[in-house]
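Here's a quick tour for anyone meeting this structure for the first time. Have a look at the model, then walk through the notes below.

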Amino acid sequence: MEYQRKKKLTNFTIGLLFLSGGIEYAVILPTIWAYLQTLHAEPYFLGLGISAFSLTGLLAGPLFGHWSDRSQRTKAIILFANVFEIMGNFMYFMGISKWLLLGSRLVAGVGTGAGASIFGYLTRSTTSQERAKVFAAVMACRQVGLLIGPACNLFLRLCNFRLGPFEVNKFTSPGLFMCLLWILLQFVVAVMYYDLQPVPHLPLAAQQDEEREPLVQHGAGQDEPAEHRGYGGTGQRTPPEGDESRYVPNGHLAEEEGRVKEKSPFQNFSAMREYLREEVVVLLTAQFITLFNQTALETMVTPITQRYLSFGELENSIMYFLCGIEVICGFFLVRCLSSRLPDRVVLVLGLVICNVACVWCLLFLARPQGSFPILLSELVVGVFLQVLGLPFVAVSQVSLFSKVTAERTQGFSQGLRRSVGGVATILGPLWAGGLTENLYIMLGVMMGLLSLLMVMVGLSYSYLVEPPRGYVPGPSQEERRS
């Protein structure tokens with residue numbers, strides 16, 4: 001009973017952390033360009049400021065994830081990471097120069113690296129059956145933050161006073177607001193977050209088999225700790241057909257695990273083979289391509305609405321608000337479907353929707369023509385389809401990735417995944433920003449990337465499943481011959 005209470009408080013705190021991350025993004029982004037202009041910054045500083053936040057986040061993610069793998073603790077990591085968020089946002093509030101503003105985003109970005117440790121904890125503390133639901137709820141919290149952020153800006157823009165030597169106005173107030181919010185979250189984490197050790201989850205059938213098994217028979221690896229049992233799931237399944245050589249039987253589990261359980265990804269390059277397996281590469285590619293396309297389309301939409309529909313700040317804000325509501329509904333839809341459909345089916349559904357959305361944009365938005373109602377309808381359909389597909393792909397690939405990578409290194413694995421996504425969020429806007437006048441090229445490349453991903457998922461579909469408990473990846477037949 002006490003364990004469940006602590007787990008609920010911990011999960012609630014995690015939701016607040018992701019909610020605050022969404023609020024920060026929605027509070028800072030709308031005003032950063034005008035803020036830079038008051039500091040006489042060149043136009044390219046906008047791209048530098050946005051990319052700097054992602055850059056340090058993608059570098060910090062694997063490091064914080066590796067730290068949590070070694071310590072099996074996340075509370076201290078979150079408290080440490082939040083210090084960077086507090087410092088970075090206070091530097092943003094100071095606003096002395098454009099370089100300090102750039103440095104503030106670099107410092108604050110380090111704090112986002114704690115997300116890798118949190119996803120590692122969620123993987124270790126959930127069963128494979130409930131994991132997609134938990135991930136969907138966490139991601140939905142960030143989207144709620146993206147909706148709350150613009151509402152916060154409504155009163156932040158009214159600030160106009162001095163706080164000691166610093167001026168508090170509509171440009172500096174978002175930094176002060178987020179600094180105070182992260183300080184408050186430090187107290188929340190300190191009081192309500194618990195470093196809980198996961199309780200082993202065994203299927204009912206496995207428990208019954210275990211009870212019937214004679215006590216005098218001990219197979220190799222029978223007493224292996226839960227955290228060293230292969231991969232991040234609990235279901236008992238056979239290896240994918242046609243490639244049993246990729247897995248080592250349970251009889252060799254203790255021997256194989258004993259070789260690597262003390263070797264981190266940083267200590268032994270052979271451990272990196274795990275991230276070169278077919279299914280892992282496919283899921284990392286899905287992470288990159290979907291985020292690349294998402295950020296590219298986000299960059300493209302505003303110039304299109306301004307040029308062809310004469311949208312202003314109010315109309316764009318309403319559009320983003322409605323998109324946020326759709327994304328939240330999409331996450332809860334995926335949360336319901338995940339209990340009825342396998343993750344790989346949800347992934348394919350999301351990719352099909354994204355492909356249809358990209359084809360629609362290529363046909364109707366690359367060179368818009370017609371009256372205002374027709375242009376508006378074409379834009380609404382394109383944006384609706386693109387936003388609809390995102391929750392399907394996002395949740396399913398995160399859930400699958402946690403199942404096909406080792407549980408003992410989940411923190412590092414999730415950090416690597418988030419780093420790949422960080423690279424995509426940097427390159428996507430750069431790609432789209434330079435091709436707003438050549439939408440056929442921009443959308444054509446995005447369509448090509450999605451088609452490539454569909455082919456990769458189709459060819460690797462049989463491997464996009466949770467490996468059986470009691471199996472770890474072993475050398476292939478070719479490696480054994482050599």
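Arg-417 lies over the face of a ring, that of Phe-119, at 5.2 Å from the ring centre. There's another spot of this kind: the charged end of Arg-142 sits over the ring of Tyr-25, 5.5 Å from the ring's centre. Keep in mind that this is a predicted model.

**The chain as a whole**

- The chain's secondary structure comes to 16 helices and four strands.
- Of the 482 residues in the chain, 50% are buried.
- Take the contacts in the chain with a separation of 6 or more: 85% of them come from residues 24 or more positions apart.

**Salt bridges**

- The count here comes to five salt bridges.
- Glu-2 and Arg-5 join their side chains in one of them, at 2.6 Å from N to O. These two are three residues apart in helix H1 (residues 2-38), so about one helical turn separates them. Glu-2 is partly exposed at 43% relative accessibility, and Arg-5 is partly exposed too, with a relative accessible area of 39%.
- Asp-69 and Arg-124 also meet in a salt bridge, at 3.6 Å from N to O. Asp-69 belongs to helix H2 (residues 44-71) and Arg-124 to helix H5 (residues 114-124), so this pair ties together parts that are 55 residues apart in sequence. Are these two side chains buried or exposed? Asp-69 is buried, with a relative accessible area of 9%, and Arg-124 is buried as well, at 8%.
- The side chains of Arg-277 and Glu-279 form a salt bridge at 2.5 Å, N to O, and both residues are buried.

**Aromatic rings**

- Phe-90 and Phe-93 sit three residues apart in helix H3 (residues 75-94), so they're separated by about one helical turn. Phe-90 is partly exposed, with a relative accessible area of 34%, whereas Phe-93 is buried at 1%.
- Phe-64, Trp-67, Phe-80 and Phe-84 come together as one aromatic cluster.

- Ile-318, Phe-321, Leu-322 and Ile-325 make a nonpolar surface patch of about 360 Å².
- Phe-321 lies in helix H11 (residues 313-337). With a relative accessible area of 41%, Phe-321 counts as partly exposed.

Key
Residues numbered from 1 in each chain as written. Predicted model: local features only at pLDDT ≥ 70, side-chain atom pairs only at ≥ 80, totals over all residues. Heavy atoms only, no water. Patch = residues over 30% accessible without salt bridge, like charges linked within 9 Å, V, L, I, M, F, W, Y side chains within 5 Å. Areas by Shrake-Rupley, 256 points an atom, 1.4 Å probe, with all protein chains shown as cover. Salt bridge = Lys/Arg side-chain N within 4 Å of Asp/Glu carboxyl O. Buried < 20%, exposed > 50% of the residue type's maximum accessible area, 1.4 Å probe, protein only. Phe/Tyr/Trp six-rings, centres within 6.5 Å; stacked < 30°, edge-to-face > 60°. Lys NZ or Arg CZ within 6 Å of the ring centre and 35° of its normal. Contact = heavy atoms within 4.5 Å.
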